[in-house]
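Reader: I would like to learn how to read a model like this one. Please show me the structure, then take me through it feature by feature.

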Amino acid sequence: MKKTIKKLIIILIIIVVIALAALLIINSIVKSAADGRLLTVEDAASLNADCILVLGAGVYSSGQPSPMLNDRLEYGISLYEVGAAEKLLMSGDHGRKEYDEVNVMKDFAIDSGIPSEDVFMDHAGFSTYESLYRARDIFEAETVIIVTQEYHMYRTLYIADKLGLDAYGVCSDPREYAVQWYRDLREIAARTKDFVQCIFMPEPTFLGEAMPVSGDGDVTNDK
């Protein structure tokens with residue numbers, strides 16, 4: 001009996017070690033996708049990308065963006081203002097009527113002086129993978145500047161590379177965020193999930209007819 005328990009413990013330890021090694025290897029591979037792809041706002045000014053892709057984050061019931069989303073929007077607007085791209089693509093969760101990230105994001109940009117027609121909304125950006133897949137297939141973007149926080153950027157650029165996008169990242173981290181340690185921990189699992197997802201390349205929840213980002217952003221308005 002003791003020998004059996006000892007063998008089971010050894011097997012369990014081996015499994016744990018292999019799993020941890022796999023996590024470390026996958027995280028290293030994912031993070032390497034950002035090599036040479038992280039830019040400042042000033043560096044990105046000359047890219048002339050198809051669009052600036054601002055990834056969604058939480059919004060409050062009051063209709064105000066969370067601090068993390070606020071910073072992504074501020075950086076996205078700065079990129080637009082320096083001429084890095086002529087269009088903004090706001091991609092986030094608008095899967096139910098009572099929760100709407102993308103209209104909050106577009107309203108923020110318009111309030112900052114950006115013409116409505118230069119701001120597209122992706123109402124079905126339910127995940128990082130889906131936002132990038134739809135940026136390519138629905139909005140027909142090829143060269144994109146992605147705006148998100150650094151901890152999230154590595155996975156984002158990895159997915160973009162696997163989808164064949166010419167993507168660059170501008171990290172929006174002007175301050176520290178509450179419980180960032182939890183996001184960092186969760187991101188390890190998210191990188192592993194998307195590493196596997198990029199092997200199989202499933203279609204996003206919704207596709208639909210093309211709305212080229214070179215056109216009029218008001219075609220994405222829903223109110």
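Author: Start with contact: it means heavy atoms within 4.5 Å. Keep in mind that this is a predicted model.

Reader: Which residues does Ala 49 touch, leaving out those up to four places away in sequence?

Author: Ala 49 touches Ala 84, Ala 85, Glu 86, Thr 143, Val 144 and Ile 145, with residues up to four places away in sequence not counted. Take Val 144 from that list. Ala 49 and Val 144 are 95 residues apart in sequence, yet 5.5 Å apart in space, C-alpha to C-alpha.

Reader: Where is Ala 49, and is Ala 49 buried or exposed?

Author: Ala 49 sits in the loop between helix 2 (41–44) and strand 1 (51–55). Its relative accessibility is 6%, so Ala 49 counts as buried. The cut-off for buried is under 20%.

Reader: Now the whole fold. How many helices and strands does the protein chain have?

Author: The protein chain has seven helices and five strands. Read from the N terminus, the order is α-α-β-α-β-α-β-α-β-α-β-α. The C-alpha trace spans about 75 × 40 × 35 Å along its principal axes. Of the 223 residues, 47% are buried. Now take the contacts with a separation of 6 or more: residues 24 or more positions apart account for 77% of them.

Reader: How do I describe two packed helices?

Author: Two packed helices are described by the angle between their axes and the distance between the axes. Here, helix 1 (residues 2–32) packs with helix 7 (residues 180–200) at an angle of about 75°. Their axes are 9 Å apart. That angle makes helix 1 roughly perpendicular to helix 7, because 65 to 115 degrees counts as roughly perpendicular.

Reader: Which residues make the contact?

Author: Helix 1 brings Leu 23, Ile 26, Asn 27, Ile 29, Val 30 and Lys 31. Helix 7 brings Ile 188, Arg 191, Thr 192 and Phe 195. By class, this contact has six nonpolar, two polar and two charged residues.

Reader: What should I read next on helix 7?

Author: Look at Asp 194, which lies in helix 7. At 1% relative accessibility, Asp 194 counts as buried. Asp 194 touches Tyr 129, Arg 155 and Ile 159, again without residues up to four places away in sequence.

Reader: Which elements give two or more residues to the lining of the largest pocket?

Author: Those elements are helix 3 (67–81), helix 5 (128–137), helix 6 (150–162) and helix 7. Helix 7 gives the most, with six residues.

Reader: How does the lining of the largest pocket divide by class?

Author: The lining has eleven nonpolar, ten polar and eleven charged residues.

Notes:
Residues numbered from 1 in each chain as written. Predicted model: local features only at pLDDT ≥ 70, side-chain atom pairs only at ≥ 80, totals over all residues. Heavy atoms only, no water. Axes fitted to C-alpha atoms, helices over the stretch in contact; angles between N-to-C directions. Helix = DSSP H or I, 4+ residues; strand = E, 2+ residues; numbered from the N terminus. Parallel < 35°, antiparallel > 145°, perpendicular 65-115°, else oblique. Nonpolar A, V, L, I, M, F, W, Y, C, P; charged D, E, K, R; others polar. Buried < 20%, exposed > 50% of the residue type's maximum accessible area, 1.4 Å probe, protein only.
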